[in-house]
Amino acid sequence: MTHSPVPVNIADKLSQFSDLWSQKKIADVNDYEVKLAKLKGEFVWHTHEDTDELFLVISGRLTIQLRDGDVVLGPGELFVVPRGVEHCPVADEETAILLLEPTGTLNTGDAGGPRSKAPEAL
């Protein structure tokens with residue numbers, strides 16, 4: 001039996017949670033996870049040694065601090081942090097983002113610590 005394909009409505013998924021800095025998995029693409037998160041404030045400086053990390057801003061503004069300068073993203077803009085590049089996401093206002101990362105990528109990369117969380121399925 002086949003099932004009918006169902007699109008993922010990003011706005012609907014975003015309306016289902018309010019916690020900050022907590023990644024929510026909304027789809028799988030091969031061995032990658034598509035995740036949503038809401039951010040406000042500053043995260044931790046960290047590196048992903050083995051993978052690039054794609055950030056796509058859905059709403060709000062995101063600054064990705066890099067050691068050699070900041071990247072500022074608005075709605076509809078994306079940036080890929082290359083593997084091994086230390087970065088620290090900052091959002092002055094509540095910001096909704098979509099992330100694309102290999103399955104099992106730790107949100108805090110090499111930094112670890114109390115803000116490390118596995119993504120939750122939505």
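## Lysine 24

Lysine 24 is located in strand β1; helices (H or I, at least four residues) and strands (E, at least two) are DSSP runs, numbered from the N terminus. The model is predicted: local features need pLDDT of at least 70 and side-chain atom pairs count only at pLDDT 80 or more, while totals for chains, interfaces and linings use all residues. Residues are numbered from 1 along each chain as its sequence is written, and side-chain values use heavy atoms, with hydrogens and water left out.

Is lysine 24 buried or exposed? Its relative accessibility is 4%, so lysine 24 counts as buried. Buried means under 20% relative accessible area, exposed over 50%, and partly exposed in between, with a 1.4 Å probe and protein chains only. The side chain of lysine 24 makes a polar contact of 3.3 Å with that of serine 22. A polar contact is a pair of N or O atoms within 3.5 Å; within protein, one must be able to donate a hydrogen and the other to accept it, and residues adjacent in sequence count only if both atoms are side-chain atoms. Leaving out residues up to four places away in sequence, lysine 24 touches Phe17, Asp19, Val34, Lys35, Leu36, Glu120 and Leu122. Contact here means heavy atoms within 4.5 Å.

## The chain and strand β7

The chain has 1 helix and 8 strands, in the order α-β-β-β-β-β-β-β-β from the N terminus on. Of its 122 residues, 40% count as buried. Among contacts between residues at least 6 apart in sequence, 65% join residues at least 24 apart.

In β7, 12 of the 16 residues are buried. This strand runs antiparallel to β2, with 10 bridges, to β3, with 5 bridges, and to β4, with 4 bridges. Two strands pair if DSSP finds at least two bridges between them. Lysine 35 has leucine 99 in β7 as its bridge partner, and leucine 54 has leucine 100. Glutamine 65 stands opposite cysteine 88 in β7.

## Nonpolar cores

A nonpolar core is a set of buried Ala, Val, Leu, Ile, Met, Phe, Trp, Tyr and Cys residues joined through side-chain atoms within 4.5 Å. The largest one has 15 residues, and those with the most contacts inside it are Leu39, Phe55, Leu62, Ile64, Leu73 and Ile97. Two or more residues of this core come from each of β2 (32-42), β3 (53-59), β4 (62-66), β5 (69-73) and β7 (87-102). A second, separate core of 7 residues includes Phe17, Ile26, Leu36 and Leu98.

Which residues does isoleucine 97 touch? Not counting residues up to four places away in sequence, they are Lys35, Leu36, Ala37, Leu39, Phe55, Leu56, Val57, Ile58 and Leu62.

## Aromatic rings

The structure holds 1 aromatic pair. The ring centres of tryptophan 21 and phenylalanine 43 are 4.8 Å apart and their planes are at 15°, so the pair is stacked. Rings of Phe, Tyr and Trp (its six-membered ring) pair if their centres lie within 6.5 Å; planes under 30 degrees apart count as stacked, over 60 as edge-to-face and the rest as tilted. Tryptophan 21 is in the loop between α1 (10-14) and β1 (24-29), and phenylalanine 43, 22 residues apart from it, is in the loop between β2 and β3. Both are buried.

Lysine 38 lies over the face of phenylalanine 17, at 4.9 Å from the ring centre. Arginine 67 lies over the face of tryptophan 45, at 3.7 Å. A charge sits over a ring if NZ of Lys or CZ of Arg is within 6 Å of the ring centre and within 35 degrees of the ring normal.
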